[in-house]
Amino acid sequence: MTPGGQSSKRPRILIVEDDAGMRRSMQLLLQGRGFDVRAYAAADPMLLDEELTEAVCLVVDYLLGDRDGISVLGTLRNLGWRGPAILITAYPTEELRRSASEAGFSAFLEKPFKEHMLVNTVASLAARFVGGD
């Protein structure tokens, strides 16, 4: 990608959520706020996306059918992706918060969350990543 190339395009957000209704709601919400959203029901199809490295933020559910959100971020890091990530879960515990932080998640959202919480968190993290902070 050319320097500053991201500014001419909408920032790409990756969503991995196995609940179809939740995945579609997040996708529509973020698209409505100007993001280019790629949403997946499972991690493996996302990992096959040839444009994966263009994403500026990951939103991933902790409990997925094929693996957990923490391992998804670990796999992305091993592939060289360095963007910020948000872990979402309906089953928050202090141990999971600690594990998410240690794994490198930038934010942790408990389901159900308010729409503005997701939008504001994604926008803030994506802006910092695109800006190079």
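Tutor: Happy to! One term to begin with: buried means under 20% relative accessible area, exposed means over 50%, and partly exposed lies in between (1.4 Å probe, protein chains only). This is a predicted model, so local features need pLDDT of at least 70 and side-chain atom pairs count only at pLDDT 80 or more, while totals for chains, interfaces and linings use all residues. Residues are numbered from 1 along each chain as its sequence is written, and side-chain values use heavy atoms, with hydrogens and water left out.

Student: Great. Which residues of β4 are buried on one side, and which on the other?

Tutor: A85, L87 and T89 are buried on one side of β4, and I86 and I88 on the other, so both faces are covered. By the way, helices (H or I, at least four residues) and strands (E, at least two) are DSSP runs, numbered from the N terminus.

Student: OK, and what order do the strands come in?

Tutor: The open sheet has 5 strands in the order β2-β1-β3-β4-β5, with parallel pairing. At the edges are β2 (36-40) and β5 (107-110), each pairing on one side only. Neighbouring strands are turned by 20° against each other on average, direction ignored. Two strands count as paired if DSSP finds at least two bridges between them. Angles run from 0 to 180 degrees between N-to-C directions, and axes are lines fitted to C-alpha atoms, for helices over the stretch in contact.

Student: How many bridges join β4 to β5?

Tutor: There are 4 bridges, in the parallel sense. Within that pair, T89 stands opposite E110 in β5. β3 and β4 also pair in the parallel sense over 4 bridges, and there V60 stands opposite L87.

Student: Let's stay with T89. Is it buried or exposed?

Tutor: T89 counts as buried because its relative accessible area is 1%. Leaving aside residues up to four places away in sequence, T89 touches D61, Y62, L96, F108, L109, E110 and K111. Contact here means heavy atoms within 4.5 Å.

Student: New topic: which strands does helix α1 lie across?

Tutor: α1 (residues 20-32) lies across β1 (12-16), β2, β3 (55-61) and β4, and runs at about 175° to β2. Another helix, α3 (residues 69-78), packs on the sheet too, touching β3 and β4, and its direction makes about 155° with that of β3.

Student: Which residues of α1 are buried?

Tutor: R23, M26, Q27, L29 and L30. They are on the same side of α1, because they cover an arc of only 170° around the axis. That arc is taken from the directions from the helix axis to the C-beta atoms. These buried residues pack against β1, β2, β3, β4 and α5 (115-131).

Student: Where is the cis peptide bond?

Tutor: It joins K111 and P112, with omega about -10°. P112 is in the loop between β5 and α5. For background, most residues other than glycine have a negative phi, and most peptide bonds are trans.

Student: Last one: what does G83 touch?

Tutor: G83 touches V56, R77 and F129, not counting residues up to four places away in sequence. G83 sits in the loop between α3 and β4, and is buried, with a relative accessible area of 0%. G83 and A55 are 28 residues apart in sequence, yet 7.4 Å apart in space, C-alpha to C-alpha.
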